[in-house]
Protein chains: 2
Amino acid sequence: MAPTHYTRLTLAERPKTTITPSTFKREVVPFDLKPGREEILVKARYVSIDPAMRGWLNDARSYVPPVKIGEVMRAAVIAEVVETGQGSAFKKGDVVFGHFGWTEYAVVKDKHAERLHIQPGMEILDFLGPLGPTGMTAYFGLLDVGKVQAGETLVVSGAAGATGSIVCQIGKKRGAKVYAIAGSADKCAWLEREVGVDRAFNYKSATFYEDFRKQVGYLDVYFDNVGGDILNFMLTRLKQKARIVLCGAIADYNTSKPKGLSSYTNLIAQRAKMEGFIVFDYAKRYPEAQRELASMLKDGSLKRKFHIVKGLENAPDALNLLFSGGNTGKLVVQVSDEGVKTKL
Amino acid sequence: MAPTHYTRLTLAERPKTTITPSTFKREVVPFDLKPGREEILVKARYVSIDPAMRGWLNDARSYVPPVKIGEVMRAAVIAEVVETGQGSAFKKGDVVFGHFGWTEYAVVKDKHAERLHIQPGMEILDFLGPLGPTGMTAYFGLLDVGKVQAGETLVVSGAAGATGSIVCQIGKKRGAKVYAIAGSADKCAWLEREVGVDRAFNYKSATFYEDFRKQVGYLDVYFDNVGGDILNFMLTRLKQKARIVLCGAIADYNTSKPKGLSSYTNLIAQRAKMEGFIVFDYAKRYPEAQRELASMLKDGSLKRKFHIVKGLENAPDALNLLFSGGNTGKLVVQVSDEGVKTKL
């Protein structure tokens with residue numbers, strides 16, 4: 001039965017640095033949603049919280065237009081179809097993925113939703129993790145941009161995060177020596193014991209740089225999720241023909257003026273490169289990545305963790321967790337716990 | 001007839017920032033040079049002055065070992081064979097190219113010297129310019145790293161320099177729109193009128209950044225010879241899939257701590273890359289570049305300028321000219337004016 005009202009979160013003002021209580025506005029609005037032709041009404045179950053979302057709040061030239069003031073915050077979502085419009089290819093009860101945003105309910109076009117097929121070994125949240133944009137980012141960033149090869153040294157920052165932890169595992173599977181960087185002893189322990197990296201370093205340790213120099217030396221591929229000082233340091237640790245994969249820059253997203261990379265001239269001496277990418281460019285090749293990651297889920301070899309925050313109203317705080325390092329694994333907001341099976 | 005003494009310049013101390021009178025030591029030493037088996041005695045005519053030489057003075061991990069304290073300063077040289085050892089493939093009077101250093105005379109192995117064949121349209125100095133490391137740097141940097149295509153927008157900094165001016169011309173020949181950046185009105189006039197770029201910008205103009213934004217907009221390839229602020233600005237001017245070719249960083253070579261690139265996250269949003277290279281890696285492919293550049297010399301289409309400083313003892317000052325922007329075109333030191341034809 002349709003509710004009388006529903007909740008959504010809109011962008012109230014652009015944050016200059018960190019997200020504050022006045023960045024988003026919680027709106028409880030009368031329920032007036034009705035799917036039209038080839039449309040569906042969806043009810044959100046899980047909302048993805050990703051570092052890239054911070055970038056969508058800036059009024060800057062980027063790969064997607066910024067979220068507008070007053071607009072529902074953009075986000076990847078797993079939802080359930082609760083009503084179908086005329087001619088829709090979906091049916092009530094279907095579980096779908098799409099960029100429906102921070103809202104309990106939405107009407108979307110069929111073509112903007114993707115039906116999920118949950119197979120043995122998978123859980124529904126995997127479609128926001130290894131089988132979703134997170135996993136796609138890890139796969140194409142490491143293999144297509146980083147071109148990691150067996151025997152090479154791979155370093156991954158933000159390694160206990162959603163993307164980082166998958167990068168580590170694809171790297172190991174491809175035969176690389178994998179060094180992980182994370183921000184706590186617990187994260188490092190998880191990375192070494194569960195995820196299976198060769199060694200994890202806590203960047204908050206007073207001896208981090210020294211330890212890294214001694215125990216890793218130089219690297220072939222650096223998969224960077226953090227930017228800032230660690231990226232600048234890694235520029236001094238490049239082997240010849242090294243590749244730096246710029247995936248994200250959590251350390252710099254919340255600053256209005258990053259300190260900047262003073263070590264970039266090492267790229268010249270080491271004939272190395274630093275390259276950015278946007279996962280959406282690989283949309284046509286997602287099935288290739290999904291096949292490999294699904295097979296790792298099926299055989300139980302892919303480790304992943306979900307950090308679940310309850311309640312859509314807590315999404316802004318959840319987004320801040322990414323920048324304070326409060327999460328291990330994929331961060332999601334559980335909007336409601338009705339009606340969706342999370343495991344087979 | 002052999003002299004009783006000859007002059008050479010050795011590294012006396014490593015400069016912290018700029019080169020000073022105490023960086024190099026002028027030594028006049030007794031002449032005791034005699035070529036052995038498959039060796040030659042060469043007398044230097046022209047010594048090349050290149051930005052990369054500043055890097056060879058730092059005790060840092062790089063693509064070649066640093067010049068040692070007390071060692072003759074490394075440099076590319078055009079010399080004349082004055083004596084041949086037993087079994088040498090050279091003959092007296094041959095004009096040769098090699099990294100003989102800042103010295104009037106040197107004994108070198110046959111395999112470290114290359115006989116020059118001066119064809120119509122060429123002058124001997126071209127073997128330090130378009131047909132030497134300078135031209136090879138321009139060619140492989142632009143085409144192999146930058147992969148410039150017809151119709152693309154190419155921006156070149158240090159454009160009135162030896163490498164930059166050749167990059168501009170190869171870019172035009174390949175059908176790119178070419179924008180040059182240089183440090184004086186005279187240089188800009190030469191670039192627009194002689195070299196044939198679409199437009200040249202004086203980066204010392206108060207309206208440089210504004211002019212560039214208005215008149216160029218965004219770029220596909222940025223061939224960077226300067227680093228620093230201009231590189232940081234160009235990071236904000238990238239089109240999707242743009243390539244930044246890191247050739248040199250004149251603005252940063254003399255600073256112990258560069259300011260750093262704060263705009264690097266644009267590489268992510270624009271799926272762009274920034275890549276360094278070292279021309280020596282392309283040694284096997286030099287003939288390919290030399291064929292093209294030689295044909296441009298023969299048909300008179302390749303413009304170049306030489307800035308000649310007289311006297312080996314002035315080589316350190318000449319090296320500083322590169323960083324003060326005092327030269328237009330290829331900078332060389334004329335060691336002696338005897339005996340070498342400079343034109344056919």
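Over the ring of which residue does the charged end of B:R74 sit? The charged end of B:R74 sits over the ring of B:W56, 5.2 Å from its centre; a charge is taken to sit over a ring if NZ of Lys or CZ of Arg is within 6 Å of the ring centre and within 35 degrees of the ring normal. In chain A, the charged end of A:R199 is placed over the ring of A:F201, at 5.3 Å from the ring centre.

The structure is a predicted model, in which local features need pLDDT of at least 70, side-chain atom pairs count only at pLDDT 80 or more, and totals for chains, interfaces and linings use all residues. Residues are numbered from 1 along each chain as its sequence is written, chains are lettered from A and ligands numbered from 1 in the order in which they are written, and side-chain values use heavy atoms, with hydrogens and water left out.

The same surface serves both copies, since 100% of the contact residues of chain B recur in chain A (contact means heavy atoms within 4.5 Å).

Over all chains, 32 aromatic pairs are counted; rings of Phe, Tyr and Trp (its six-membered ring) pair if their centres lie within 6.5 Å, and planes under 30 degrees apart count as stacked, over 60 as edge-to-face and the rest as tilted. The pair of B:F31 and B:Y105 is edge-to-face, with 5.1 Å from centre to centre and 85° between the planes. B:F31 lies in the loop between β2 (24-30) and β3 (39-48) of chain B and B:Y105 in strand β6 (residues 105-109) of chain B, so the pair ties together parts that are 74 residues apart in sequence (strands are DSSP runs of E, at least two residues, and helices runs of H or I, at least four, numbered from the N terminus). B:F31 is buried at a relative accessible area of 18%, and B:Y105 is buried at 11% (buried means under 20% relative accessible area, exposed over 50%, partly exposed in between, with a 1.4 Å probe and protein chains only). In chain A, ring pairs join A:Y179, A:F201, A:F208, A:Y209, A:F212 and A:F233 into a cluster.
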